[in-house]
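Dear colleague,

Please find the structure below, followed by an account of what was found in it.

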Number of protein chains: 2
Amino acid sequence: MFGRPRRLALLAEGRFTPSDAKTAVSVLRYRPEEVAAVIDSTRAGRTAAECTGVGGTIPVVEDVAAAAVAGADSLLIGVAPQGGELPVAWRASVLEALARGWDVLSGLHVFLGDDPGFASAAARGGARLHDARRAPPGRPVAAGRAAAVAATVALTVGSDCNVGKMTAAVEIARALQARGARAAFVATGQTGMFIADRGVAVDAVPSDFVAGFTEVLVLEAARDADLVIVEGQGSVHHPAYSGVALGILHGACPAALVLCHQAGRTHLRLAAAPGVFAIPPLAELVEAQERAARWVRPAPVVGIALNTLGLGELEAHAACVAAERETGLPATDPVRFGAGPLAEALMAFRRDHAPAA
Amino acid sequence: MFGRPRRLALLAEGRFTPSDAKTAVSVLRYRPEEVAAVIDSTRAGRTAAECTGVGGTIPVVEDVAAAAVAGADSLLIGVAPQGGELPVAWRASVLEALARGWDVLSGLHVFLGDDPGFASAAARGGARLHDARRAPPGRPVAAGRAAAVAATVALTVGSDCNVGKMTAAVEIARALQARGARAAFVATGQTGMFIADRGVAVDAVPSDFVAGFTEVLVLEAARDADLVIVEGQGSVHHPAYSGVALGILHGACPAALVLCHQAGRTHLRLAAAPGVFAIPPLAELVEAQERAARWVRPAPVVGIALNTLGLGELEAHAACVAAERETGLPATDPVRFGAGPLAEALMAFRRDHAPAA
């Protein structure tokens with residue numbers, strides 16, 4: 001990851017739960033071979049799987065020193081809080097990792113490399129600070145070019161932040177590959193970048209270039225793939241992040257959409273305004289997403305990715321059935337039940353809409 | 001402007017026309033007392049008004065030396081090209097201005113202050129480089145707070161870039177003030193900032209914070225105003241800039257919208273894809289804007305600001321009448337015919353929707 005194989009310690013102090021430690025959980029799910037330990041002193045002694053259901057027997061440990069004993073050689077910040085600051089209490093852990101010569105990988109909005117204390121500690125320890133969210137060079141202005149690729153481009157869109165758009169995109173790409181399709185995952189956020197080892201955190205680029213960077217990513221991915229699955233961000237209904245959602249939608253110019261939602265979530269999870277913004281019904285979300293797509297390029301929603309975290313097996317199944325009934329579209333929890341129905345919906349869509357030979 | 005009264009030279013080499021030199025024309029329209037000369041060697045010898053209809057007898061001159069003779073003491077970059085680069089040929093003019101000790105004010109995406117050549121020239125000349133588009137500190141996350149202010153917030157939204165959203169907002173605020181209302185203009189782009197001497201160029205902030213910065217600006221302006229008129233950017237139909245448009249819409253949480261359009265423009269002016277993206281009919285634009293607003297806070301379009309640049313007087317009047325007929329809303333060219341109808345529509349809206357005392 002980020003230049004070389006690593007043995008990561010995932011820093012998730014006090015927050016190592018499936019809903020709080022999104023980045024850590026995703027790295028454990030998709031790159032467990034690179035994880036040596038998770039740091040959360042409040043859960044030390046358990047395994048990763050006991051805390052989050054992923055990561056098997058990877059140990060949860062007390063601190064950086066214990067992670068070193070477990071074989072770690074790099075530190076990855078395992079949370080992505082709203083606003084993107086480093087929790088103050090984590091500063092000492094970062095400094096200790098740097099003192100040990102560990103590279104530190106971060107997806108925060110605040111750049112660790114711009115912190116003089118961290119920069120000098122890194123220099124002393126011979127370590128590198130990787131800020132995944134730092135905007136790459138360039139000022140690409142989108143122009144709908146992604147609509148013209150031969151590949152079928154699909155975008156995961158959401159009812160809110162943190163409902164599973166990245167996970168759905170990864171799972172759909174893998175399910176397509178398992179079916180023999182040439183499929184690529186396009187990461188537009190820091191967690192996706194840790195998994196894919198490429199991409200751009202478009203929520204951190206100057207807003208004029210969100211669509212442009214997305215367009216560049218899609219054009220690159222479409223060179224070697226027949227199906228390009230783009231990770232969406234935020235939601236067009238979100239008072240803080242709707243702009244990022246729409247910029248990605250119009251930069252990617254998808255031919256099809258997959259709507260992602262967490263079953264049972266009724267309101268946006270907005271720290272400053274909990275319970276204020278109701279999430280519309282699924283059918284209304286489908287209509288809104290299709291309307292927003294049409295402003296640049298029409299794209300139907302072809303399936304629903306339902307995150308059923310916290311539900312029992314029967315409830316989760318019932319939620320998928322209810323979503324199918326409400327929307328008339330295939331619905332699945334791609335983690336729990338597999339992304340097969342969504343992959344197949346996209347393959348069918350491609351067959352029906354392939355450009356004439 | 002930007003710290004002290006100035007005698008500006010507006011750099012618009014080869015582009016000093018109403019459509020190309022948006023920034024220069026706006027500064028001439030709203031702060032002519034601070035302009036000593038316009039630099040455009042291809043039009044030297046004429047007056048500003050002869051080239052653009054604004055700026056009266058302010059001279060258009062050959063170069064920086066001639067602007068100095070005309071009394072200039074600062075240089076302002078008078079264009080805002082897509083992509084935001086400095087035209088290569090203008091480099092020498094910037095260096096000469098700095099050598100003379102002139103401050104240089106720029107609204108480009110590329111920051112002059114980050115250019116080592118410019119920075120050292122500024123240091124040698126004792127001059128300052130003001131990059132209006134540099135993001136201010138902070139990472140504000142919007143949460144719909146602007147919906148709760150006592151002031152009536154209105155936003156100018158558009159059919160495309162460069163149709164007159166900033167000008168409409170300034171003219172409406174002035175027309176409201178002329179009618180005795182406590183009205184404030186909120187600048188969200190570099191040209192508006194040059195006019196208002198405050199604001200944030202939200203198209204240049206990390207995209208996660210477009211709505212947040214807009215929210216902060218509205219909350220500040222609402223402290224001393226009963227009507228807050230926010231400058232919109234881009235268009236929700238624009239493949240490159242729709243995200244910025246939606247971020248401002250949901251950050252400002254306006255109670256009412258004013259739709260801005262250039263009469264006769266049929267397609268988006270996108271340098272890389274001219275003639276590709278058709279602009280929908282006005283009635284459809286109204287519907288789309290209201291729909292996008294409703295995702296966070298419902299807001300009706302209460303009037304149309306029509307930019308009739310290039311039309312004759314009779315045609316311009318006919319275009320406004322046609323727009324009124326198509327939408328059932330008051331329509332005016334705020335520059336040519338005055339913003340009175342829009343100001344009055346907003347005052348009526350405020351009367352009808354004022355919070356109960």
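Helices (H or I, at least four residues) and strands (E, at least two) are DSSP runs, numbered from the N terminus. This is a predicted model, in which local features need pLDDT of at least 70 and side-chain atom pairs count only at pLDDT 80 or more, while totals for chains, interfaces and linings use all residues. Residues are numbered from 1 along each chain as its sequence is written, and chains are lettered from A and ligands numbered from 1 in the order in which they are written.

In chain B, H9 (residues 242-252) is mostly covered, with 11 of its 11 residues buried (20 or more other C-beta atoms within 10 Å of a residue's own; exposed means 12 or fewer, partly exposed in between, with C-beta atoms placed from the backbone). Among these buried residues are Val244(B), Leu246(B), Ile248(B) and His250(B). They pack against H8 and H9 of chain A, and also against strand S7 (152-158), helix H8 (210-222), strand S9 (227-231) and helix H10 (282-294) of chain B. Cys253(B) follows H9(B) and has a positive phi, near 45°. In chain A, Cys253(A) has a phi near 45°, a positive value in a residue other than glycine. Cys253(A) sits in the loop between H9 and strand S10 (256-262) of chain A, and counts as buried because it has 26 C-beta neighbours inside 10 Å.

Next, the interface. The contact between the chains takes 39 residues from chain A and 39 residues from chain B, two residues being in contact if their C-beta atoms, placed from the backbone, lie within 7 Å. On the side of chain A that touches chain B, the elements giving two or more residues are H8 (210-222), H9 (242-252) and H10 (282-294) of chain A. H9(A) gives the largest share, 6 residues. By class, this side has 23 nonpolar, 12 polar and 4 charged residues (Ala, Val, Leu, Ile, Met, Phe, Trp, Tyr, Cys and Pro count as nonpolar, Asp, Glu, Lys and Arg as charged, and the others, Gly among them, as polar).

Chain A is superposed on chain B by a rotation of 180° with 0.0 Å of shift along its axis (RMSD 0.0 Å), by least squares on the C-alpha atoms of residues with pLDDT of at least 70 in both copies. That is the relation of a two-fold axis. The copies meet through the same surface, because 100% of the interface residues of chain A are also interface residues in chain B.

Leaving aside neighbours within four places in sequence, the contacts of Ile172(A) include Ile229(A), Val258(A), Pro334(A) and Leu346(A).

Two loop residues of chain B complete the account. Asn162(B), in the loop between S7 and H6, is not a glycine, yet has a positive phi of about 55°. Asn162(B) counts as partly exposed because it has 17 C-beta neighbours inside 10 Å. Thr42(B), in the loop between S2 and H2, has 12 such neighbours inside 10 Å and therefore counts as exposed.

With kind regards
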